[in-house]
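Please look at the structure first, then read the points grouped below.

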Amino acid sequence: MKRIFIMTMATIATTVATAQQLFYPKAEKDGTVDEYFGVKVADPYRWLENDTSQQTAAWVEAENKVTNSYLSKIPFRQKLLKRLTELSNYEKIGAPRKRHGKWYFYKNNGLQNQYVMYQMDKLGGEPRVFLDPNTLSTDGTVALKGVYFSNNGRWAAYSISRSGSDWQEFYVIDLKTGQLTNDHIEWAKFSGAAWCGDGFYYSSYDRPEEGKEFSNVNEGMKIYYHKMGTPQSEDVLFYQNPTQPKRFYEVSVNEEETLMYLFEAGAGAGNNLFVRNLKQKDSQFMQLTDNMDFQYSPIYDENGKFYIYTNYGAPKGRIMVADIRKPGINDWQELIPEQQNTLSGVEVINHLFVLTYNQDASDHAFVYGLDGKKHHEVKLPMVGSVSFTGDEKQPECFYSFTSFTMPGTIYRYDMAKNESTLYAQPSIKFRMQDYESKQIFFNSKDGTRVPMFITYKKGLKRNGKNPVYLYGYGGFNISLGPGFSAMRIPFLEQGGIYAQVNLRGGSEYGEEWHLAGTKMQKQNVFDDFISAAEYLIREKYTSSDKLAIVGGSNGGLLVGACMTQRPDLFRVAIPQVGVMDMLRYHKFTIGWNWASDYGTSEDSKEMFEYLKGYSPLHNLKKGVAYPATLVTTADHDDRVVPAHSFKFAATLQECHEGKNPVLIRIDTKAGHGSGKPLAKVLEEQADIYSFILYNMR
């Protein structure tokens, strides 16, 4: 039998016994001390917040040298990278979508760094390349963020990001010739292109100070109108709100260009909504809502009525109808009331609603009429996650489906017959039938029932000796559903268990579940994660010596908090691009936008003390033996700036006592994660999984 992987777990344990001796770079301390409500807090590595200084660059270089040396000496690392590359080399296809008589879809032939957008004259026709972001850079670090077709079918605007940054640039394709126009927009952020007439609206900030493009606070968002054929310098300022510089503003226009919506966000967990009737000359925006703690999303409009998704008055979501003549929220009519499960997705296809509900963190889909009456449930292949694609007025409907053991598969769906037909299925070098997933429930510290998915090779023995990769997020109303990743397969092949826990702070059970993991309730999230680990140990799936915890962004905060609260419970910790300094997070780029989940150290003494009580950076203690830790970040991360990880790693290396390695991996020409080229993803995952396995006893 051909050996697929690298080493047995026994061999791994032997190599750990002769683990490498590490000497960490010395990080200088300065005398920075902040005072919060009379309490002094030292921040001796404040200088690491300056990501463009020579001192920081020297520290980064020294840290990467130590980390790269350590990782390169893991004897099976290259074989693992080879296996990950082999598993990732399969064709991945997205659902097709019709725009102005042509069909478009995304595809990756296997190991392409970025997905390519194709065009077809008809379904099943010969595809031709429409937009290939792989040609925009030599190393795959330019990523396609979005494509926006003009309503008249003349142009398609597309946005790109460079090196993983959130900054966007817009370009425009002439759909008649297929050639680029001279139109080019810079310094847009968190923006689409809302076409209206011979141009489009976009949201941007003023050009940032040179050298501070990826760290300075983003404030003063403005909406501009760009007319085709003119330079950006002539774009017309359409909207700004100087009284609220730390808010997001964006507009959208319906296909008929009769309605314009204005969205205001950044001061709560939701948004405010405004509408403007473009049929009336010189019309102004009418404010529909005034509470950004709730979400309001227009779905579809017809004959002066528009349909809105909201969780206002319905923590699990509902659909309302508004009239353009009296559009205020007090005049909305309920169409589809809140259900037992959380409404997580809404599409209008062929004048019908396709609604996705989240039941215990997995998807169920239903078709409803625009009159609010339920037609039928869509039968899905298994427990998993689904996403529907179609046009409001066209009959063709597709959906993409995935689960832990099923790569993304496309089905064509006949809405009238309620029948699904396989459209595109990837072929991967992996025997999916040898693996299984199941969902279990456990009680958290306060008795709350929390769901968790576990995936493993059939025939697993619960003997307390299985390696576990425990993943969570727990914040910002984000649900973690079942999904496939080729990166997990080598770990599963070696008898590992992938565990994904649905913590409070997410949207799995609606807004109440979300709020239970925010602000002064944030400790619930960490308690849920710790309880998940204790459950896996108690039920003999694993032991502390074989338990790794992993999470990114808010999930990086999760890992940092849990490893500082319970360093004895975990063998390995991988905090990725994490929010580690909870006292200063709001002072960088768009960190202020997270206050609705976290609160800030400036809010009150009580909030300051609560944040300091769990902030990973501020809870590292000298003389403690921490888990083997690999902190990951990147030089172009302008979402969670690398200073979080820099200061945490420097402090961890100062405090840690013991033989476990505590390292930081700092990627270059990369950001928070979105748009990262596959080549970089493979290298990073090879480092993470080899670090995990190498450090398990």
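Helices (H or I, at least four residues) and strands (E, at least two) are DSSP runs, numbered from the N terminus. The model is predicted: local features need pLDDT of at least 70, side-chain atom pairs count only at pLDDT 80 or more, and totals for chains, interfaces and linings use all residues. Residues are numbered from 1 along each chain as its sequence is written, and side-chain values use heavy atoms, leaving out hydrogens and water.

- An open sheet of eight strands has the order 32-33-35-34-36-37-38-39 with mixed pairing; strands pair if DSSP finds at least two bridges between them.
- Its edge strands, each pairing on one side only, are strand 32 (435–443) and strand 39 (662–667).
- Strand 37 (residues 572–576) and strand 38 (residues 628–634) are parallel and share three bridges, with V572 opposite A628 in strand 38.

**Helices on the sheet**
- Helix 11 (residues 678–694) lies across strand 34 (468–471), strand 36, strand 37, strand 38 and strand 39, at about 155 degrees to strand 37.
- Angles run from 0 to 180 degrees between N-to-C directions, and axes are lines fitted to C-alpha atoms, for helices over the stretch in contact; contact means heavy atoms within 4.5 Å.

**Helix pair**
- Helix 6 (residues 523–538) packs against helix 7 (residues 554–565) at about 70 degrees, the axes being 10 Å apart.
- The two helices, helix 6 and helix 7, are therefore roughly perpendicular (65 to 115 degrees; under 35 is roughly parallel, over 145 roughly antiparallel, the rest oblique).
- Residues in this contact include F526 and F529 of helix 6 and L557 and L558 of helix 7.
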